[in-house]
Amino acid sequence: MPPSAPSPGVARLGPPCPRCGRRAPAEGGPFCPYCGRYLAALRWVAEPPPSAAPAAPARVRVRYSGPPRYRTLPRWGFPPRRWEPPEPATPTPDPLHGARSTFGTLVPLLWATVAVALLAAGAEVWRYVLLLASRDNALSAGEVAASDALVGSAGTVSPILTVAAGVLLILWSVRASRAAADRAGVRPSRSPRMVVLGWLVPGLNLTVPGSVLSEIEHCALGLPVDQRPRPSRLLLVWWALWAAGVVLSAVVLLWSLRTGVQARADGVVLHAVLDLLAAVTAGVTARLVTRLTRLLAPARPRRRELLLSVRPPAAARAARA
């Protein structure tokens, strides 16, 4: 049976008022007749204006007219070569690795320079002995020829080794200074160009090399960066030998411009002293470079594996027997 419709004499009531709770007639309007509250629920919806939305582009249908045609032969296209993968980025060279690689060649070359310089010093001493003996007696042609050959060969090989060792020493100092600065977290006090000029320019080569090596030693030892470097005893000895060798080289070079028998005899003595000083300086340089390189890159301790046999106690062995 269908539901009965409301009788015309009964008024329809609307929803209760949210303020007073009374129900007003449905035809009474949007406001409550008792308290005046607006009865309709409000919901604000924010929508963008029509001008903010971009207009959809019109789709233009193009009829297919076949493959492209050219009046002349096109000159564009792919190059006639096979595909090659892109080259990987070149890694930044590690100054510590460069210093260690240079150290591996520098130290043997320095010890070879020591041997040849000692041989050259002995040849100069032999020549001076022959000069002293020639004042009273005549010398044999064989002794003079052997002395000249020894002096000439040693005097040729020794400068070549000295120059090669010097180039490697300068290269090692440039790389070691950068490695020491990176380890201390500071910038090098001198650029590579200034380091090279400090080794080569006369006058500057008396002070700059010692200062560069002192800074390398200071940073390698992990001392405070704001503290003034204090060279070690080995470095001070090397600095004195290096300065004496530079000064003596200039004296020998100027002495060779003099003429006369006595000047030549004195030149032999100066060459012998210079060769002996070069040998000592090269040996001390080898020790100093080895020490600084080991400070920059200390060797890892070698681990030894030991096999231990655990024997049962004497009581257990007696019980088993």
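Residues are numbered from 1 along each chain as its sequence is written, and side-chain values use heavy atoms, with hydrogens and water left out. As the model is predicted, local features need pLDDT of at least 70 and side-chain atom pairs count only at pLDDT 80 or more, while totals for chains, interfaces and linings use all residues.

A pocket here is an open set of points on a 1 Å grid over the protein atoms alone, where a 1.4 Å probe fits, with protein on both sides within 12 Å along at least five of seven lines; lining residues have an atom within 4 Å of a point. Helices are DSSP runs of H or I, at least four residues, numbered from the N terminus.

Two or more lining residues come from each of α1 (95–133), α2 (141–184), α3 (192–200), α5 (233–255) and α6 (261–296). The top contributor is α2, with 12 residues.

Of its 19 lining residues, Leu131, Val261, Arg264, Ala265 and Val268 lie nearest the centre. Both α1 and α6 supply at least two residues, and α6 has the largest share, eight residues.
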